[in-house]
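Please review the fold described in this report. Keep the sequence and the model open while reading.

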Amino acid sequence: MTPTPGKPETGHEPDCLLAAIVASSNDAIIACDLDGNIHSWNPAADLIFGYPAHEIMGNPLASLFPRGQLPEHAQLCQLLQQDEPLGHFETMRRCKSGMELPVSLTISAILDQQGRFNGMSVIARDFSDGYRINARLAQSERHFRQLVEAAPNAMIMIDKRGQIEMVNARAEQIFGYSRSELIGKTMEVLIPQRFRHHHPGLRIDYFTSPSTREMGRGRDLFALRKDGSEFPVEIGLNPIETGDGIKVLSAIVDISERKRQEQRFRQVVEAAPNAMVMIDSSGQIEMVNAQTEQIFGYSREELLGQPVEMLIPERFHHQHPGLRSSYFSSPSTRTMGSGRDLFGRRKNGSEFPVEIGLNPIETADGIKVLSSIVDTSERKRQELRFRQVVEAAPNAMVMIDKHGHIEMLNAQAEQIFGYSRSELMGKPMEILIPQRFRHHHPGLRSDYFADPSTRAMGSGRDLFGLRKDGSEFPVEIGLNPIETADGIKVLSAIVDISERKRFTDELSRRNQELNNFAYVASHDLKSPLRGVDQLATWLSEDLMGKFDKDTDEHLRLMRVRIKRMEKLLDDLLLYFRAGQLGGNLERIDIGQLVTDVFDLCCNDRPYQLQLNGDFPIASIHKVPLELVFRNLINNAIKHHDQASGTITVSATPGEGRYEFAVADDGPGIAEEHRERVFTMFQTLRPRDEVEGSGMGLAIVRKTIESFNGNITLGNNTPRGAVFQFSWPCKVG
């Protein structure tokens, strides 16, 4: 225990109280023995004189003062023994650093329990600015250590020899050492062996010109754990001024996870199908992928670190820095130069069209821009070919976007609508539509874009176009969705059908006249034929038995041919009406219909009917289908070369239709006659042998085709003919 200055020890005051008073004092409290040697030294003395206790203990008190600034030891003892304490006299002290600074001293005698002089106590108060600064520094140092300990990164402080003086908990964690294992060791213990020989020189360079900066900028840095494993790091260097000179506080960040993420990012960039180029805010290239090398013709080494302007045609160089600055001031993912033609420049100086997507990337070094660059040369060539095809089309071609704005048209469109190309580009499609239809069009367009497909527009409706002069004309329009880089467009093929309408109307009028003529001709011709037939009948009846055999035969032939002529006129009228045999839909059993027709055609002949397949109960036009089956079954029986046979009718379901087949086991029809049998007035056997007008199969074909079907003729097996045809059926 240090005795209380100027008062004998009583032995009754607790040592802890006295120690606390001495330790917490802002004044230096120093105790000396009778020889003047120091044997007690409090923390404030460390700050005022600069010596730690272990360095100064046992040294003479006089060593703390310049010569002449403190009375001689013998003189001091004499004054104190005469009970004359020295209070608050100012003098100069000598600090450990050699500096001499003012100090105020109070010196008192230390007496033992018997009251004998036993030494002296010195209270030193620093009234210089330096002391107050040191006191604040002591408090700042405590705060500094607390901040270092709480830092999220590893913090290590070294002196100029590289010896570690301070570490925090985070440093213990990432390096695997305890604090006690690192304090006093050289920094090289945390550096991989292959880099250690460089480090002393780098440290010396730093201490020669200390500043706050990043260590090894642009180089990959690695640290070494206690277990011998390495890991990538970033290191920030900060010079710290202390009483012992400059130290370096290193902030060390383990960037292993960031490096893994960067590696994945680089792998994604490298695997991208487009050219990828990353630049910094100054426009320097920091990353490229293999596609970039391929389309620009440079190697990776030739591009890294170079300005991005080397990939841009020279005529655009002056604009690019300003555009880049604008982008970095407000970065976002967007297309570059939307609406403008962009070009890249290869190493050989050639240019090519490109599309560029810009993507801001946040990195440890700030915002970068990753550009996705697509060489659109092939697309441009295809677009040119597409435009050439559109231009050469014989119909008007108009392409619009989803808003209905016209983006492309050809010369035929200019011709039939009367507008020049420049008058239509960018205008709404409604400019070409009569006023009375315009309010419907936006909704119809939206419906089409919701489910685009190649189809006719307004099927079943009359469509009209509007010319520049205000006149309307009938049109047919085919719609074709076109996929483009800007989304779906619609290419409309527009046909002016004015001439066709006039022709169709004229044809309808002529057909009506022909039908009327056929009806009148049939009626007017059949009347005299009936008269002739009646006369022949009277002659046969009145003069029966009075004619010779030749005359009877001639009368018979005359009546047969009159009947044949009447049948021909009936069939001729039926042929002209074949396309008009629609009528209402009737729900019938088609199998039963075939059976009824067969019974009608074969009521007195030994032929059989066989039905194969699934005959539906369906809604159909009964009269025309019955006509088809009656002609085909009747022909099969009439032209059969045997006294008996089998007629086979088959049914096969299709999409909205049924496929029917009527087959016989007769003589068949030679291949060279198969097309001929469908023409009018054609028979393969003399009419005197087989009754018929030669119109039956012509009527069948016309009837089937009027219902958008077709009919074919083939061989049956082992003999006979097969007629196959399709017919619309609404089942269910």
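The report goes from the whole chain to selected elements.

## Basis

This is a predicted model: local features need pLDDT of at least 70, side-chain atom pairs count only at pLDDT 80 or more, and totals for chains, interfaces and linings use all residues. Residues are numbered from 1 along each chain as its sequence is written, and side-chain values use heavy atoms, with hydrogens and water left out.

## Whole chain

The protein chain holds 21 helices and 31 strands. Both are DSSP runs numbered from the N terminus: helices are H or I with at least four residues, strands are E with at least two. The chain has 732 residues, and 37% of them count as buried. Buried means under 20% relative accessible area, exposed over 50%, and partly exposed in between, with a 1.4 Å probe and protein chains only.

Take contacts (heavy atoms within 4.5 Å) between residues at least 6 apart in sequence: 51% join residues at least 24 apart.

Five strands form an open, antiparallel sheet in the order 2-1-5-4-3. Its edges are strand 2 (38–41) and strand 3 (86–94), each pairing on one side only. Pairing requires at least two DSSP bridges between two strands. Neighbouring strands are turned by 30° against each other on average, direction ignored.

Strand 3 runs antiparallel to strand 4 (residues 100–111), and seven bridges join them. Leu86 stands opposite Ile107 in strand 4. Helix 4 (residues 73–81) lies across strand 3, strand 4 and strand 5 (117–125), at about 105° to strand 5. Axes are lines fitted to C-alpha atoms, for helices over the stretch in contact; angles run from 0 to 180 degrees between N-to-C directions.

Strand 6 (residues 154–158) is largely enclosed by the rest of the structure, because five of its five residues are buried. Ala154, Ile156 and Ile158 point one way, Met155 and Met157 the other.

Strand 11 (residues 245–254) runs antiparallel to strand 6, with five bridges. There, Met155 stands opposite Ala251. Strand 7 (residues 164–167) is also antiparallel to strand 6, over three bridges. Met157 has Met166 as its bridge partner in strand 7. Strands 6 and 7 form a hairpin with five residues between them, and Gly162 in the turn has a positive phi of about 90°.
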